[in-house]
Amino acid sequence: MTHASRAPVAVLGLGTMGSSLATRLLDRGIQVRVWNRTPERAEPLAAAGAFVAPCPADAVEGTSAAICVVADGEALGSVLRGPGGVLAKGPYPGVLICASTVSPEEVVQIAGDIPSVLDVGMLGNRDHARDGELRLFAGGEEQAFDAGRPLLDMLGKEVVHLGALGSGMRMKLCLNLLMGIEVQALAEVTQLADACGLDRQLVLKTIAGSGFASPVMAFKSRRLGSGRFEEPDFRLRLMAKDLMLATKQAAAAGLDLPLATAAAETHVRATEQGLGDQDCAAVTRALTPNPGSDT
C-alpha cells in the first residue's frame, strides 16, 4: 500500500453510509478525521479512535482525501463552500470525493474549480460499506481517479471509472431508479396479495425464492414481511429525492419514463405522510387504503 493511501482521510457526514465508511477506514488502520452537523453522531467513532472536528475545514486539515456523504446538494454546497467549509481556508490539496447523491449538473457546479474531485455513486448498504464490499462508480478526470484509486479500492470490491465528472451520479441515479421501481413493485404485489386473501408471508417467501427476485427484492421482502421499517438501510425520503432527480434527468433528455414518474409520485406521497425517515420499503404504507397501516 502506498504512503498516500495511509495518510489521514476525512469523512464528512456521519449518516448510515458515512459512519460505516469511517469504521471501515479505522479498521484498516487509517487515521480518520470526521465531522457531522450533529456532533453526537460522531461519538462511537471517537471512541474507536477517530478525531472529531468542529467544522469541515478542520476535519480536512492534513488529509490526503475527503469523502462527503451528506443528504443532498444543498448540504454538499454548505459543507464545501459554506462558513467553516472545506474550502474556507483555501483550495483543498487532496482528492475530494463527493459520494452524496445529487444531480450530475449540481455536482459539477458545486465542484467548480476544485483541482481534484470525483463524484462516486455507491452501490451497497451499511454492511457492504463497513466490510469493503461496495461497488463504486466514479466520474472525474483521469488524474483525480488515479490519485483516489487506492482509497476507493479499500472501500469497494469493484471500482469503475465511468468518465467525466457527473458520470458517477448518473450511474447512481440509474441504479436507484431501478431499486425504487423494484421495491414499489414488490410492495404493490404484497398489497394485492393481502386484498385477495393470500397469506402475505407465503407470497413474499415464494417471490424471494423465485427467478423473479433480484437480491434487493429478496432482501426487502424480509422488511415487508416483518412490517418493521425502523433503523433503515436506505431512508424513504432519500429514495424519493433520487427518483425525482432521475425523472428530471429523463425530462432533460426528452424521455417519458412512466414507471419512474409513478414511483417518484408514490415516494413523495409517502414522505408527505411522515414515512420519510423509515426504510424505503415503507412505501407499502402509501399504497394502503388507510395510510400508516401495514394491512
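In which helix do R149 and D153 both lie, and how many residues apart are they? Both lie in helix α8 (residues 142-155), four residues apart, which is about one turn of the helix. The model is predicted, so local features need pLDDT of at least 70 and side-chain atom pairs count only at pLDDT 80 or more, while totals for chains, interfaces and linings use all residues. Residues are numbered from 1 along each chain as its sequence is written, and side-chain values use heavy atoms, with hydrogens and water left out.

**Salt bridges within helices**
- The structure holds 16 salt bridges (a side-chain nitrogen of Lys or Arg within 4 Å of a carboxyl oxygen of Asp or Glu).
- R149 and D153 form one of them, at 2.9 Å from N to O.
- Helices are DSSP runs of H or I with at least four residues, numbered from the N terminus.
- D127 pairs with R130, the closest N and O atoms being 2.9 Å apart; both residues lie in helix α7 (residues 126-131), three residues apart.

**Accessibility of these pairs**
- R149 is partly exposed at 31% relative accessibility (buried means under 20% relative accessible area, exposed over 50%, partly exposed in between, with a 1.4 Å probe and protein chains only).
- D153 is likewise partly exposed, at 39%.
- D127 has a relative accessible area of 38%, and R130 has a relative accessibility of 33%.

**A buried pair and its network**
- D279 and R223 meet in a salt bridge at 3.8 Å, N to O.
- D279 lies in the segment after α13 (258-275) and R223 in helix α11 (residues 215-226), so the pair ties together parts 56 residues apart in sequence.
- Both D279 and R223 are buried.
- Salt bridges with shared partners join R126, K220, R223, D233 and D279 into one network.

Conventions:
Helices (H or I, at least four residues) and strands (E, at least two) are DSSP runs, numbered from the N terminus.
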